[in-house]
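Work through the exercises below with the sequence and the coordinates at hand. Each task is followed by a solution in steps.

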Amino acid sequence: MIGFLIAVPAAAEDAQCPKGAQLEESIRAAPECLAAHKLHQACAWGSSADEFMSEAVIDKCKAVFFHQLTREQKRLYEKRTEACGERYPVTEEGGSIQVYLEWMCDEDLATTYFKSAKNGRISGTPRWKIPDVAE
């Protein structure tokens, strides 16, 4: 019988939620954008409280690429973040969940740009469409 060993890289393992109130700090302390994003996905609350965690992830991702974008690329990035707000508008019926959905959409955009960055530069326009964020 031949056995197979499948090695799973640390980034592909399921993120564990830290105990207590240090979630935002854990996201900020993550080694890079995708690790922070994975941690937030694992620990998301599905409410407006996720805004602070998404901000931490987006800040970590944008630090790698945003300063290198051309003026046109920055305008497109901002237009795409506006599209998230239009897709998931805050309403009286779904205010808190809509805030969560919009921020997770923004976070998806930032991680897409992060993945497209090579040495901090993005050549061309990263392919991205507004995601259907699961509630």
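**Exercise 1. Determine the handedness of the disulfide of Cys33 and Cys61 and describe its setting.**

Solution. Step 1: the torsion about the S-S bond of Cys33 and Cys61 is about 75°, so this disulfide is right-handed. Step 2: Cys33 belongs to helix H2 (residues 33-43) and Cys61 to helix H3, so the bond ties together parts 28 residues apart in sequence. Helices are DSSP runs of H or I with at least four residues, strands are runs of E with at least two, and both are numbered from the N terminus. Step 3: the sulfur atoms of Cys33 and Cys61 are 1.8 Å apart, and a disulfide is assigned to a pair of cysteine sulfur atoms within 2.5 Å. Step 4: Cys33 is buried at a relative accessible area of 1%, and Cys61 is buried at 0%. Buried stands for under 20% relative accessible area, exposed for over 50% and partly exposed for values in between, with a 1.4 Å probe and protein chains only.

The model is predicted: local features need pLDDT of at least 70, side-chain atom pairs count only at pLDDT 80 or more, and totals for chains, interfaces and linings use all residues. Residues are numbered from 1 along each chain as its sequence is written, and side-chain values use heavy atoms, with hydrogens and water left out.

**Exercise 2. Describe how H3 packs on H5: are they roughly parallel or roughly antiparallel?**

Solution. Step 1: the axes of H3 (residues 50-65) and H5 (residues 95-116) come within 9 Å and cross at roughly 15°. Axes are lines fitted to C-alpha atoms, for helices over the stretch in contact, and angles run from 0 to 180 degrees between N-to-C directions. Step 2: H3 and H5 are therefore roughly parallel to each other. Angles under 35 degrees count as roughly parallel, over 145 as roughly antiparallel, 65 to 115 as roughly perpendicular and the rest as oblique. Step 3: H3 passes H5 in a left-handed crossing. A crossing is left-handed if the near helix is turned anticlockwise from the far one by less than a right angle, and right-handed if clockwise. Step 4: the contact includes Ile58, Cys61 and Phe65 of H3 and Trp103, Met104 and Phe114 of H5. Step 5: by class, the contact of H3 with H5 has 12 nonpolar, 2 polar and 5 charged residues. Ala, Val, Leu, Ile, Met, Phe, Trp, Tyr, Cys and Pro count as nonpolar, Asp, Glu, Lys and Arg as charged, and the others, Gly among them, as polar.

**Exercise 3. Describe how H2 packs on H5.**

Solution. Step 1: the axes of H2 and H5 come within 10 Å and cross at roughly 155°. Step 2: this makes H2 roughly antiparallel to H5. Step 3: the crossing of H2 past H5 is left-handed. Step 4: Cys33, Leu34, His37, His40 and Gln41 of H2 meet Met104, Glu107, Thr111, Phe114 and Lys115 of H5. Step 5: by class, this contact has 4 nonpolar, 4 polar and 2 charged residues.

**Exercise 4. Is Trp45 buried or exposed, and what does Trp45 touch?**

Solution. Step 1: Trp45 sits in the loop between H2 and H3. Step 2: Trp45 is exposed, at a relative accessible area of 56%. Step 3: leaving out residues up to four places away in sequence, Trp45 touches Leu23, Asp50 and Met53.

Notes:
Contact = heavy atoms within 4.5 Å.
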